[in-house]
Amino acid sequence: MNKFVKKYIFFAAFWVIAVLAAVLFLPNISQVTAEHGQTKIPANMQSQVAENIQKHWGHHISDTRQVVLVYNNGDKKIDTGKQANIDHTVSKLKNNADYYGIKGVTSANENAATKKQLISKDGTTELVQLNVSKKDSVETMNNKLKKGTKTSNLKSYVTGSDVLNDDMRQSMIDGIKQTEVIAAVFILIVLIIVFRSPIVPLISLLTVGVSFIVSLSVVMNMAKYMGFPLSNFTQVFMVVVLFGIGTDYNILLYDRFKDNLGQGMDKVEATVDARKRAGKTILYSGGSVLIGFFALGLAKFSIYQSGVAVAIGVVVLLLVLLSLNPFFMALLGKTMYWPAKNLSPKKRGSRI
């Protein structure tokens, strides 16, 4: 068997094993993002200094989250009966404080001052302030409180800065799923138009998908076990960048391969030449992208630091494109461009 073919069969087997390992050892993305992906501001900023002071203030309420319960009666004033329902819910929360992690409760019925501050002027809305321990994740705490604070005949809501941030994180996860689908469909359409073949787009998506899965697993494990910088935006950045430049690089490689086949080269010779010529351009371009994203690691703001994850993804992408693509090219040859029969090279002013 040709040495070239043997070498790339080995690479193909390696990436199959790498994908299986990546999926097997991929931690819970939602949990890792929730624990390590919150936006971090430099410790010397005033807001962070104040937060550090807050962690140690007060008797028995240090290191807690501030949560607000909102009770609303629509356009009608909360009457005596519904107020009794709210008071009953608050008493239930106090009696089960250990379960909910509640260290402090401030309700409207405590005194005249709290009544004035926590009940709206029109009497339709009432707030209850909680100090909740950080023993549970924000998501777990939120789910517990949503169930435990439901009150008869009133709309109830749980809010607060940590709850809002967690909702934004969940919204990001849902958005990423939509982005992945939209990106895949768009890339398929573009590649089918460019190459007029259903096979090339599938191979392109497969190779870029392999790089995304492997690099995502690496980044998430590094974030979980090594404190690697992560943010709520890391995954969507990786999706957009890897599928964007990955498709662009694949078009460059496949176009050169197609021209070589049209000139009469056999599939192995065409693959070697395409990898050599287009691969050099891909490495130069990928190198500049790498430098840009690795430089973000020097930033002090955590969202920018998390851009290094994209650099890791680009490293994996370049390795996959220049080792897994040649396997399919040497294996399929002209079949990659089915049903096209005319593979004659395009007229160009210059060659890659």
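These are my notebook entries on a predicted model of one protein chain.

**Ground rules.** I number residues from 1 along each chain as its sequence is written, and my side-chain values use heavy atoms, with hydrogens and water left out. Because the model is predicted, I take local features only at pLDDT of at least 70 and side-chain atom pairs only at pLDDT 80 or more, while totals for chains, interfaces and linings use all residues.

**Confidence.** I looked up pLDDT, the predictor's confidence in each residue, from 0 to 100. The chain has a mean of 84, and 89% of its residues reach 70 or more. I then went through the elements; helices (H or I, at least four residues) and strands (E, at least two) are DSSP runs, numbered from the N terminus.

**Salt bridges.** I counted a salt bridge where a side-chain nitrogen of Lys or Arg is within 4 Å of a carboxyl oxygen of Asp or Glu. I found 2 in the structure. One joins Asp 136 to Lys 144, at 3.0 Å from N to O. For burial I used relative accessible area: buried is under 20%, exposed is over 50%, and partly exposed is in between (1.4 Å probe, protein chains only). Asp 136 and Lys 144 are both buried.

Asp 273 pairs with Arg 277, with 2.9 Å between the closest N and O atoms. Both residues lie in helix H11 (residues 267–295), 4 residues apart, which is about one turn of the helix. Asp 273 counts as buried because its relative accessibility is 16%. Arg 277 has 39%, so I noted Arg 277 as partly exposed.

**Surface patch.** I looked for patches of residues with over 30% relative accessible area and no salt bridge, joining like charges within 9 Å and nonpolar side chains (Val, Leu, Ile, Met, Phe, Trp, Tyr) within 5 Å. Areas come from the Shrake-Rupley method with a 1.4 Å probe; for residues, only the protein chains shown count as cover. Val 181, Val 185, Ile 189 and Ile 193 make a nonpolar patch of about 370 Å². I placed Val 181 in helix H8 (residues 161–195). Val 181 counts as exposed because its relative accessibility is 54%.

**Cavity.** I searched a 1 Å grid over the protein atoms alone for a cavity, a set of points where a 1.4 Å probe fits but cannot get out; lining residues have an atom within 4 Å of a point. Grid points are joined across faces, edges and corners, and a volume is the space filled by probe spheres set on the points. The whole structure gave 1 cavity of 30 Å³ or more. The largest cavity holds about 50 Å³ of space. Its lining includes Ile 29, Arg 169, Met 220 and Gln 235. Helix H2 (29–36), H8 and helix H10 (234–262) each supply at least two lining residues. H8 gives the most, with 4 residues.

**Backbone.** Most residues other than glycine have a negative phi, and most peptide bonds are trans. Asn 153, not a glycine, has a positive phi of about 65°. I found Asn 153 in the loop between helix H7 (138–148) and strand S4 (155–159). With a relative accessible area of 61%, Asn 153 is exposed. The peptide bond from Trp 338 to Pro 339 is cis, with omega near 10°. Pro 339 sits in the segment after helix H14 (325–332).

Conventions
1 Å grid on protein atoms, 1.4 Å probe; cavity = no way out; pocket = protein on both sides within 12 Å on 5 of 7 lines; lining within 4 Å.
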